[in-house]
Amino acid sequence: FEPALAVGDTLMVELAYVVKVQPKGARLDRKDKEDAPLRIFLSFQTKDDLLHLALTDSAAHAAGTVAKSERKPDTIRYYILPDRSEAEGYQASRFPVKAIFQKAFGPQDPGKLVAIGIKSDSNNLGGESLTYLKTLRLVR
């Protein structure tokens, strides 16, 4: 998007979502099983690279951890969001963009946020995947 958005120390992503169907057998660290009910890709233009951080729901990984994609080039990391099951309903949460970026990619500056993408998929395993996204906001 234009213009690119400086991340700074205060930029947050606010989300509210409910996972209806979690893809069975999915693992974000395996290219052949890389399915998820929700991925919100944040793309950053750093000094040297275009890096992609995906805020992702995953039953196979613990919330608050980072999974590294097997895909090449090595520019994608998955930050695992708290699971939001249907029984819990929508719960709004805020996530600090710079802190999560640095947890995923190390201490480098994230530069500018240049794109956002939203995805739910199950193409690798051929199953089902479904999430209802109620809120997606960038806030300071």
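A short exchange of questions and answers follows.

Guide: This is a predicted model, where local features need pLDDT of at least 70, side-chain atom pairs count only at pLDDT 80 or more, and totals for chains, interfaces and linings use all residues. Residues are numbered from 1 along each chain as its sequence is written, and side-chain values use heavy atoms, with hydrogens and water left out.

Visitor: What geometry does the pair of Phe-44 and Phe-101 have?

Guide: Rings of Phe, Tyr and Trp (its six-membered ring) pair if their centres lie within 6.5 Å; planes under 30 degrees apart count as stacked, over 60 as edge-to-face and the rest as tilted. Here the centres are 4.9 Å apart and the planes stand at 65 degrees, so the pair of Phe-44 and Phe-101 is edge-to-face.

Visitor: Which elements hold Phe-44 and Phe-101?

Guide: Helices (H or I, at least four residues) and strands (E, at least two) are DSSP runs, numbered from the N terminus. The pair ties together parts that are 57 residues apart in sequence, because Phe-44 lies in strand β3 (residues 36-45) and Phe-101 in helix α1 (residues 97-105).

Visitor: Which residues do ring pairs link into a cluster?

Guide: Phe-101 also forms a tilted pair with Phe-105, at 5.0 Å centre to centre and 35 degrees between the planes. Those two residues are 4 apart in helix α1, so about one helical turn separates Phe-101 from Phe-105. The cluster is Phe-44, Phe-101 and Phe-105.

Visitor: Is Glu-34 buried or exposed?

Guide: Glu-34 sits in the loop between β2 (12-21) and β3. Buried means under 20% relative accessible area, exposed over 50%, partly exposed in between (1.4 Å probe, protein chains only). Glu-34 has 2% relative accessibility, so Glu-34 counts as buried.

Visitor: With which side chain does the side chain of Glu-34 make a polar contact?

Guide: A polar contact is a pair of N or O atoms within 3.5 Å; within protein, one must be able to donate a hydrogen and the other to accept it, and residues adjacent in sequence count only if both atoms are side-chain atoms. At 3.0 Å, the partner of the Glu-34 side chain is that of Tyr-78.

Visitor: Where does Ile-118 lie, and is Ile-118 buried or exposed?

Guide: Ile-118 lies in strand β8. The relative accessible area of Ile-118 is 53%, so Ile-118 is exposed.
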